[in-house]
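Q: Please go through the terms used for this model and show what each one rests on.

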Amino acid sequence: METTEASTCSAETLAANKAALTKMLSAPSCDVAGTRKLGLELERFVIDRDANRTVAYVDEPGVHELLSHWVRFFSPAEQVFIDGHLFGYAGTYEVEGERVGISISLEPGSQLEASVGPSEHVWVLLGALETFDAQFAELTRELGVRWELVPNGYNPIVSAPTEVPLIDKERYHLMDAYLSGTGRYARDMMRGTTSAQVSIDLACGHGGRETYQLAVALGPMLSFLCDNAPHWRGLSAADTPRMAHARIWEQVDPARCGIVPGTFDKDFGAATYVDWLCGVRPILFTDADGKTTSTGTATEADILSRRLLTKAELAHMISMVFPECRLKGFAELRTTDSLPPAQSAALAAFVKGLFYGPAVGDEVSALVLPGISVRDVRDAWSELKASGWDATVYGRPATELVDNLVTLSRKGLANDRDLALLEPLTSLWANRHVPRDLAE
């Protein structure tokens, strides 16, 4: 069969876009790898304590007015407009002489997100979050409202996700319509959940594969240890199941969530991830001019075959999948609930000690990775949801595995100022508690 010119062009375009994506997602080469840094994203609900309601973007006053007052802390160039509406800022804060990035954005149900970093110091990330919170407190006082940033894995004051209005943004409307047909809890995910996500640099070269594999393997443990959803759809803390956030994500869309196939293969890498990406339907596409359109039944491969995409457009394609660990040129750990800033920093410090500690890398990998498979990780999720601290994970009692990981993280952070930040979580774990237990 002869290959037509159009199909050849399409194949060449697809190959070129896949190569560009693979390059974007790959670990650095060892000759350019520098100090490894972290990023931290913290989403929280904005709750009006006087009215006991979730504050929406369009309320009067609402989140849109809060954002409009935030402009005093940022330059005009740092404002982020989407569809003509102010939806956030992208600038920097100064923490003890270090300039650190801050991005303020909104999730579909008007959850307020602060993304800080990258920085090699977790105490800098915590300082940036504290600056953000101080600005929020100042602005809400001026607005004359008693709003609170509430860090819970699920909105604690709603009994159904439909009680929370969706932001009037084309991206979210298209996602809502599509995902509502792929999973029973898609609306819960978009409107009712918040998370704390740590992003870590990949080790150079083939070490990037092991970094990603370890992040996926630790996902179930991190989800359990940071379970902070004491309420789900109006249920009491006693009736809300463990790891509600994880249960919700299981019922969103199996095609774009969960574990990337082949994660634990010996030749896993960015190219494998891109091959998986190509088979997923992106739902929507936002072009270089900011126009968002539905992509219907087209897969990412179909979109990548049409023309060469810009870097921003390729980044959009990456953003339309939600695996437990997302590859973005770094590893984005996505399984943990929203936590108060001090506990979020403790999570970041814990991760830093395990992944960046020069003396513990091999020990952490030896504890978790040998012989591991996707099935083993899925079994870990099931065990922890069913049995909690009594679970057996990767052939060890969960309590033993946690204690070993804490010891290794402390060892990895030895002589590091970030070591002191571990306590808000490790003190809970030592007593066999997780954050949600504080609400019971």
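A: A pocket is an open set of points on a 1 Å grid over the protein atoms alone, with protein on both sides within 12 Å along at least five of seven lines. Its volume is the space filled by probe spheres set on the points, which are joined across faces, edges and corners. The model is predicted, so local features need pLDDT of at least 70 and side-chain atom pairs pLDDT 80 or more, while totals for chains, interfaces and linings use all residues. Residues are numbered from 1 along each chain as its sequence is written, and side-chain values use heavy atoms, without hydrogens and water.

Q: How much space lies in the second largest pocket, and which residues lie nearest its centre?
A: The second largest pocket holds about 440 Å³. Its lining (residues with an atom within 4 Å of a point) has 19 members, and W249, E250, C257, G258 and E324 lie nearest the centre. Two or more lining residues come from each of helix 7 (244-250), strand 9 (257-258), strand 12 (322-323) and helix 13 (374-387). Here helices (H or I, at least four residues) and strands (E, at least two) are DSSP runs, numbered from the N terminus.

Q: What makes residues of this lining nonpolar, polar or charged?
A: Ala, Val, Leu, Ile, Met, Phe, Trp, Tyr, Cys and Pro count as nonpolar, Asp, Glu, Lys and Arg as charged, and the others, Gly among them, as polar. On that basis the lining of the second largest pocket has nine nonpolar, five polar and five charged residues.

Q: What makes a space a cavity, and how many of 30 Å³ or more does the structure hold?
A: In a cavity, a 1.4 Å probe fits but cannot get out. The structure holds one of 30 Å³ or more, and the largest cavity has about 30 Å³ of space. A196, Q197, V198, L222, L333, R334, T335, T336, L347 and V351 line the largest cavity. By class, the lining of the largest cavity has six nonpolar, three polar and one charged.

Q: Why is helix 11 called roughly perpendicular to helix 15?
A: Axes are lines fitted to C-alpha atoms, for helices over the stretch in contact, and angles run from 0 to 180 degrees between N-to-C directions. Angles of 65 to 115 degrees count as roughly perpendicular (under 35 is roughly parallel, over 145 roughly antiparallel, the rest oblique). Helix 11 and helix 15 (residues 423-430) pack at about 85°, with axes 7 Å apart, so helix 11 is roughly perpendicular to helix 15. Contact means heavy atoms within 4.5 Å; A342, Q343, A346, L347 and F350 of helix 11 meet P424, L425, L428 and W429 of helix 15. This contact has eight nonpolar, one polar and no charged residues.

Q: What makes helix 6 roughly perpendicular to helix 14?
A: The axes of helix 6 (residues 207-225) and helix 14 (residues 398-412) cross at roughly 95° and come within 12 Å. Helix 6 is therefore roughly perpendicular to helix 14. L218, M221 and L225 of helix 6 make the contact with A398, L401, V402 and L405 of helix 14. By class these are seven nonpolar, no polar and no charged residues.

Q: How do you know what span to expect for helix 3?
A: The expected span is 1.5 Å times one less than the number of residues. Helix 3 (residues 122-143) has 22 residues and reaches 32 Å from its first C-alpha to its last, close to the 32 Å expected. G144, with a positive phi near 75°, follows helix 3.

Q: What is the omega of the peptide bond that joins E60 and P61, and of the one that joins G117 and P118?
A: Omega is about -5° for E60 and P61, a cis peptide bond. The bond between G117 and P118 is also cis, with omega about 5°. P61 sits in the loop between strand 2 (53-54) and helix 2 (63-69), and P118 in strand 6 (residues 112-119).
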